[in-house]
Amino acid sequence: MTKTMTCVACPLGCQLSVTLDGDTVVSVTGNTCKRGDAYARTEISNPVRSLTTTVRCEGGLHPVVPVKTTLPIPKDRMFECMKLINETVVQAPVEVGQVLIHNILGTDAHVIATNNN
Ligand code: SF4
């Protein structure tokens with residue numbers, strides 16, 4: 001079986017063709033560099049995504065503070081993570097780089113502020 005996907009590891013967006021034997025990756029073609037091969041293999045075995053969103057913030061200049069995860073998190077945990085982030089309210093002042101949620105849902109990723117508030 002062959003799957004096609006777009007590599008998102010850089011803006012070039014190479015079209016990858018991944019040949020599978022069951023769940024095992026047999027070959028990856030279409031990648032311009034090694035990162036594309038690694039991306040395709042991870043995407044098949046354990047797809048992950050970085051999460052960028054906002055957290056409610058009380059007492060600051062703005063009602064929300066922009067945040068991101070320090071590591072990509074498993075795609076199938078996104079919904080749970082977003083639910084927790086949406087339920088979280090932090091108090092100002094918040095500084096860029098501050099950890100607002102430590103090790104979110106045991107993923108090893110922290111949710112950090114990407115701006116002051
Ligand atoms: S394969 Fe390499 S060059 Fe192509 S999109 Fe992925 S990272 Fe960029």
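Helices (H or I, at least four residues) and strands (E, at least two) are DSSP runs, numbered from the N terminus. Keep in mind that this is a predicted model: local features need pLDDT of at least 70, side-chain atom pairs count only at pLDDT 80 or more, and totals for chains, interfaces and linings use all residues. Residues are numbered from 1 along each chain as its sequence is written.

**Stop 1**

Select residues 64–69, strand S6, and then residues 111–113, strand S10. These two run antiparallel to each other and pair over three bridges. Zoom in on Lys68, and you'll find its bridge partner in S10, Ile112. In general, strands of a sheet pair through backbone hydrogen bonds, either parallel or antiparallel.

Now zoom out: S6 and S10 belong to an open sheet with the order S8-S5-S6-S10-S9 and mixed pairing. At its edges are S8 (89–91) and S9 (99–101), each pairing on one side only. From one strand to the next, the twist averages 45 degrees. (For angles, axes are lines fitted to C-alpha atoms, for helices over the stretch in contact, and values run from 0 to 180 degrees between N-to-C directions.)

Next, pick residues 78–87. That's helix H2, packed on the sheet, where it touches S5 (52–58), S9 and S10. Contact here means C-beta atoms, placed from the backbone, within 7 Å. The direction of H2 makes about 20 degrees with that of S5.

**Stop 2: the core**

Which residues have the most contacts inside the largest nonpolar core? Colour Val55, Cys57, Val65, Val67, Val90 and Val94, out of 13 residues in that core. Such a core is a set of buried Ala, Val, Leu, Ile, Met, Phe, Trp, Tyr and Cys residues joined through C-beta atoms within 7 Å. Buried means 20 or more other C-beta atoms within 10 Å of a residue's own, exposed means 12 or fewer, and partly exposed is in between, with C-beta atoms placed from the backbone. S5, S6 and S10 each supply at least two residues of this core. Click Val94: leaving out residues up to four places away in sequence, Val94 touches Cys57, Gly60, Val65, Ala113, Asn116 and Asn117.

**Stop 3**

Go to Pro93, in the loop between S8 and S9. The peptide bond from Ala92 to Pro93 is cis, with omega near 5 degrees. Leu105 isn't a glycine, yet its phi is positive, near 50 degrees. Is Asp108 buried or exposed? Exposed, because it has 11 C-beta neighbours inside 10 Å.

**Stop 4**

Select S1 (2–6) and S3 (24–29), the edge strands of an open antiparallel sheet ordered S1-S2-S3. S2 (15–21) pairs with S3 over five bridges; Ser17 has Thr29 as its bridge partner. Helix H1 (34–45) lies across S1, S2 and S3.

Finally, show the ligand. Its surroundings include Cys7, Cys10, Cys14, Cys33 and Tyr39, where near means a C-beta atom, placed from the backbone, within 6 Å.

Conventions
Two strands pair if DSSP finds at least two bridges between them. Two residues are in contact if their C-beta atoms, placed from the backbone, lie within 7 Å.
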